Amino acid sequence: MDLLEAIKKRHAVRQFTDKKIEGDIKKNLLDIIDECNGESGLKIQLCLEDEDIFKGGFIGRFSSFNNVKNCIAIVGKKFKDLDEKAGYYGEKIVIKATQLGLNTCWAAGGYNKSKINVEIEKGEKLVIVIAIGYGIDEGKTHKVKPLEKLGYAKDKMPQWFRKGLESAQLAPTARNQQKFKFTLLNENLVKAETSFGFFTKIDLGIAKYHFEVGADSKEWSWK
Ligand SMILES: Cc1cc2nc3c(=O)[nH]c(=O)nc-3n(C[C@H](O)[C@H](O)[C@H](O)COP(=O)(O)O)c2cc1C
C-alpha cells in the first residue's frame, strides 16, 4: 500500500481489540517515530499497554473511545509553530501506521492527561495524543468539503495542485472542521492557511502533510 492508498484507507477508529502492537510492527512504528523526531526536533513518544490513559471517571464514561491501550504522545518545546509541526509529523506517523495495518484516532480530549506516562521537560508541553492499535473495524468515510472550498487557483488548477487538494480533503481534522485553505499564488508557489479556532493549527499541519503526498512533484514549494 503506497502513501496515497493509505491516505484513502484511513478513517478515525476509536474502539480497539486486545491485539498487541509487537514484533516488526512495533519496530517499524518506533523507526518512523525516531525519524520524525530527528527531522522535527519534537519528542514524540509511544505508550504501549497503558489502559488507564483513556479510562475511568468522567472521561471514560463520556468519550466514544473504547479499549484504547496504546497511544502516541506528541511532546515538544513551546515554540511558535509547535501545533503545526505536531500535526504534520503526527499524521506522517498515522499514515505509516495505516500502512502497517494499524488504526488510529487523533484525540484532543477524551483521555486523562495526568495519567499519561511520558517525559515532558521544562519548556515542553504535551500537544495532543493519537490513539493507536488494531481497530474493531476500519472506521467509515466522513463528509468532506468540496475542493472549491479548500483550495483556490486564479486560473485552471494544474493537475498536481488538484491532486494535493484531493489528498488534503481526506485529512482528519478536529470535529471534521476542515478550516484549512490552499492557494496557488503563481505557477509553483502554494500558500497554506487556516481560519482561527480550536486545534486549527494542528489540522493545518495534518492537511499540509496530505497535500505534499498528493501533489508529489518537485515543481512547487510552500510560501
Ligand atoms: C486535532 C484533532 C483532534 C481530534 N480530537 C478528537 C477528540 O478529542 N475526540 C474524538 O473522538 N475525535 C477526535 N478527532 C477525530 C476527528 O473527529 C476525526 O478525524 C474527524 O471527524 C474526521 O473523521 P476521519 O478521521 O474518519 O476522516 C480529532 C481529530 C483531530 C485532527
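Domain bounds, as used in this tour, come from an automatic or database domain assignment. The structure is a predicted model, in which local features need pLDDT of at least 70 and side-chain atom pairs count only at pLDDT 80 or more, while totals for chains, interfaces and linings use all residues. Residues are numbered from 1 along each chain as its sequence is written.

**First stop: the two domains.** Select residues 3-133 for domain 1 and 147-222 for domain 2. Their centres, taken over C-alpha atoms, are separated by 23 Å. Across the boundary, 16 residues of domain 1 are in contact with 16 residues of domain 2, contact meaning that the C-beta atoms, placed from the backbone, lie within 7 Å. On the domain 1 side, α1 (3-9) and α4 are the elements that give two or more residues; helices (H or I, at least four residues) and strands (E, at least two) are DSSP runs numbered from the N terminus. Helix α4 gives the most to this side, with eight residues.

**Second stop: the ligand.** Select the ligand and the 22 residues around it, of which A12, W106, P172, A174 and N176 come nearest. A residue is near a molecule if its C-beta atom, placed from the backbone, lies within 6 Å of it. Strand β3 (103-107) and helix α7 (200-214) are the elements that give two or more residues to this shell. Because domain 1 and domain 2 both give residues to the shell, the ligand lies between them.

Axes are lines fitted to C-alpha atoms, for helices over the stretch in contact, and angles run from 0 to 180 degrees between N-to-C directions. To view the contact, display residues of α4 including D83, Y88 and K92, with residues of α7 including K201, L204 and H210.

**Last stop: α2 and α4.** Select helix α2 (residues 23-40) and helix α4 (residues 82-99), which pack at an angle of about 160 degrees with their axes 10 Å apart. That angle makes α2 roughly antiparallel to α4. Their contact is made by L29, I32, I33, C36 and S40 of α2 and by K85, Y89, K92, I93, K96 and A97 of α4.

Terms used
Angles under 35 degrees count as roughly parallel, over 145 as roughly antiparallel, 65 to 115 as roughly perpendicular and the rest as oblique. Two residues are in contact if their C-beta atoms, placed from the backbone, lie within 7 Å.
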